[in-house]
Amino acid sequence: MTNLRGRNIVLGVCGSIAAYKAADLASRLVKLEATVEALMTASAAKFITPLSLQSLTGRPVIGDMYDAGSETAEAHVAIARRADAIVIAPASASMLARLAHGFADDIIGLTVLASRAPVLIAPAMDNQMFEAAITQENVRTLRERGYAFVGPESGRLASGHTGTGRLSEPATIVEALRFLLGRRGDLVGRKVVVTAGGTREAIDPVRYIGNHSSGKMGYALAEAARDRGADVVLVSAPASLSVPYGVRRVAVQSTLQMRDAVVAETRECDALVMAAAPADFRVAEEAAQKIKRHGGEGLTLDLVENPDIIGGVSGDFVKVGFAAESQDLVENARAKIGTKGLDFIVANDITAGDAGFDADTNRVVIIDGEGPPRHLTLLPKYEVAQRILDRVAQLLEARDAASPAAQAAGAP
Ligand code: PMT
């Protein structure tokens, strides 16, 4: 359940060979339970039929501003008013020009002008049209006025030329829209540092000590925090996952590198959530060359202990740890709250096949210092992340209310 659920999204489609991708975009938005109201310019209707968008969105498509359905003569204004966000994909060069100059002579320009909702523009056009000084000036003007952009991407264009002008993929546009909607979420203005994945401790240039963490839990946390408006930094051990749109990733390999990145990123932050599985040990001395076979003899590695990252960082931010346990889940996890100085801990049983390492779902227990543990049912990791962030948001609010500034403001 993302931040698109239940939102009214106006999808404006302009004339472009990329207009067919608007159907995919509409379908993705509907699957994420948004209500989609599609608007088309006259030239868009030459590339894709209104019926396609109507079938996918289950709502009438408006193309002619003088024939805005049968609701009322002011239906277009009503659409503008109830929009939670407007996305224009593809946006043509002439649409950029019209929007930059406040033209209201087509249904999209008019709706944008009549709305206070955030606007996301996904341009698509020939590369030379996009690079043209006047188009660039229009883009600058629109950015300065607070319009958000996604793309255009570089690659092979319909014209056969290669350059910047391709419409971003619908999946990327959806992510950008989620990012934009997050700007009105409850973590706006908060910096959240999330760690993810299993660190690798090099033995020699070829081998390393690692673990089964895929990074999925940490990446889900980063995505969910982004959807709630946080400024998210993802300190990630190697993981074959794509970085959520709008999230800054700091890539690390070893536990010492992860420690250094966490220390640097938490100098100024509001919350640290450590979902990573950092290796607790590293080899005392990494071999400079590949270790050869010993003709049947064994090999002994000397290991030294790595620092406890979360236990070693301090500051005025909410500290959340995870506990990967295979027995006595709640007792073992609760003990770590004290030893690691945490606000709360999320315990997961790593022996279950559908939870913990590499699973898409997780079954966790949220344990505060005091109070009964909160057992959550099996949920997608994104949903688990949301429940964790609910608690983070509560603690941040309580912290704000108790701050000297809030106390002084409340004083008679
Ligand atoms: O990545 P996935 O495949 O999605 O799997 C998710 C997960 C199972 C890895 C994740 O949900 C999880 O449980 N992460 C914590 C794993 C772990 O290291 O548990 P721990 O009980 O050993 O450590 C407790 C806490 O201290 C954790 O927050 C850990 O990040 C942190 N820690 C651990 C070791 C260390 N040297 N420094 C630390 O800060």
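A polar contact here is a pair of N or O atoms within 3.5 Å. With that cut-off in hand, here are some close-ups of this predicted model.

View 1. Start with Ala-276: one of its backbone N or O atoms sits 2.8 Å from an oxygen atom of the ligand. Lys-216 uses its backbone instead, with a polar atom 3.3 Å from an oxygen atom of the ligand. On its own, the ligand has 770 Å² of accessible area, and the protein covers 96% of that.

**View 2. Who lines the ligand site.** Zoom out a bit and you'll find 26 residues surrounding the ligand. The closest ones are Ser-213, Ser-214, Lys-336, Asn-348 and Asp-358.

**View 3. The eight-stranded sheet.** This is an open sheet with mixed pairing, and its strands run in the order β12-β11-β8-β13-β16-β17-β19-β20. At the edges stand β12 (248-251) and β20 (374-375); each has a single partner strand, so one side of each goes without a neighbour in the sheet. Elsewhere in the sheet, β8 and β11 pair in the parallel sense, with six bridges between them. Look for Val-194 here: its bridge partner in β11 is Leu-234.

**View 4. The largest nonpolar core.** This core has 35 residues, and the members touching the most others are Met-217, Leu-221, Val-320, Phe-322, Phe-344 and Ile-388. Elements that each give two or more residues to the core include the strands β8 (191-196), β16 (318-325) and β17 (344-349), along with the helices α9 (216-227) and α13 (381-402). The largest share, nine residues, comes from α13. Nonpolar side chains do tend to be buried together in soluble globular proteins.

View 5. Leaving aside residues up to four places away in sequence, Ile-388 touches Met-217, Leu-221, Val-320, Phe-322, Phe-344, Val-346 and Ile-366. There's also a second, separate core of 33 residues, with Ala-22, Ala-38, Val-87 and Ile-173 among them.

**View 6. Gly-311 in its helix.** Gly-311 belongs to helix α11, which spans residues 309-312. Its relative accessibility is 36%, so Gly-311 counts as partly exposed, a class that falls between the cut-offs of 20% and 50%. Leu-342 is 31 residues away along the chain, yet the C-alpha atoms of Gly-311 and Leu-342 are separated by 8.0 Å.

Conventions. Residues numbered from 1 in each chain as written. Predicted model: local features only at pLDDT ≥ 70, side-chain atom pairs only at ≥ 80, totals over all residues. Heavy atoms only, no water. Core = buried A, V, L, I, M, F, W, Y, C linked by side-chain atoms within 4.5 Å. Buried < 20%, exposed > 50% of the residue type's maximum accessible area, 1.4 Å probe, protein only. Helix = DSSP H or I, 4+ residues; strand = E, 2+ residues; numbered from the N terminus. Contact = heavy atoms within 4.5 Å. Near = heavy atom within 4 Å. Polar contact = N/O pair within 3.5 Å; in protein donor to acceptor, adjacent residues only side chain to side chain. Areas by Shrake-Rupley, 256 points an atom, 1.4 Å probe, with all protein chains shown as cover. Pairing = 2+ DSSP bridges.
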